[in-house]
Amino acid sequence: MKQQTRNWLLAALILITLINLGAIFLIPEHNLHVILTSLAIIILNSLTTYLLGLAAIQEKKRSNEQWRGWFFLCLAQLAFTLGDVIWMVYESILQLEPFPSAADIFYLLYYPFFLGGIFHFRRQKQSKFKQV
């Protein structure tokens with residue numbers, strides 16, 4: 001990834017985090033507060049999903065076996081992001097807080113994808129001394 005792109009992504013992550021913190025602490029609890037914080041979290045999760053996808057693509061180009069781990073982590077983050085989008089529609093647009101909801105399916109899908117990602121990372125071989 002180019003340095004300029006990295007700088008842009010870092011600036012975007014910082015800006016969105018600051019907007020989210022501002023909305024949390026400066027805007028009183030009402031619909032605007034919920035919409036701003038939900039949108040900020042969805043954007044942050046989307047950027048994270050994008051970065052995990054880039055990591056998977058870069059690892060696959062190197063013909064590294066660990067790309068599957070990054071791919072599953074990307075799927076986990078995508079599932080969580082979709083859960084947040086669905087929940088925002090329920091909470092902000094439909095003014096509902098159903099339990100259970102369709103968002104819960106995606107929140108629950110996060111865990112098997114995350115574990116799949118973690119278990120696909122190979123442990124590097126270490127000497128017996130370092131293992132102890």
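This is a predicted model: local features need pLDDT of at least 70, side-chain atom pairs count only at pLDDT 80 or more; totals for chains, interfaces and linings use all residues.
A pair of aromatic rings is described by the distance of the centres and the angle of the planes. Trp-67 and Phe-71 form a tilted pair, with 6.1 Å from centre to centre and 55° between the planes. Both residues belong to helix 3, which spans residues 67-93, and they sit 4 residues apart, about one turn of the helix. Phe-71 has a relative accessibility of 37% and therefore counts as partly exposed. The pair of Tyr-110 and Tyr-111 is edge-to-face, because the ring planes stand at 90°, with the centres 5.3 Å apart. Tyr-111 counts as exposed, because its relative accessibility is 52%, over the 50% cut-off. Ring pairs also join Tyr-110 and Tyr-111 with Phe-80, Tyr-107 and Phe-114 in a cluster.

Helix 1 (residues 3-26) packs with helix 2 (residues 31-61) at an angle of about 155°, and their axes are 9 Å apart. The two helices are therefore roughly antiparallel to each other, as angles over 145 degrees count as such. The crossing of helix 1 past helix 2 is left-handed. On the helix 1 side, the residues in contact include Leu-9, Leu-13, Ile-16 and Ile-24, while helix 2 contributes, among others, Leu-36, Ile-41, Leu-44 and Tyr-50. Sorted by class, this contact holds 14 nonpolar and 4 polar residues, and no charged ones. Among the residues taking part are Thr-17 and Asn-20 from helix 1 and His-33 and Thr-37 from helix 2.

Conventions
Residues are numbered from 1 along each chain as its sequence is written. Side-chain values use heavy atoms; hydrogens and water are left out. Axes are lines fitted to C-alpha atoms, for helices over the stretch in contact, and angles run from 0 to 180 degrees between N-to-C directions. Angles under 35 degrees count as roughly parallel, over 145 as roughly antiparallel, 65 to 115 as roughly perpendicular and the rest as oblique. A crossing is left-handed if the near helix is turned anticlockwise from the far one by less than a right angle, and right-handed if clockwise. Contact means heavy atoms within 4.5 Å. Ala, Val, Leu, Ile, Met, Phe, Trp, Tyr, Cys and Pro count as nonpolar, Asp, Glu, Lys and Arg as charged, and the others, Gly among them, as polar. Rings of Phe, Tyr and Trp (its six-membered ring) pair if their centres lie within 6.5 Å; planes under 30 degrees apart count as stacked, over 60 as edge-to-face and the rest as tilted. Buried means under 20% relative accessible area, exposed over 50%, partly exposed in between (1.4 Å probe, protein chains only).
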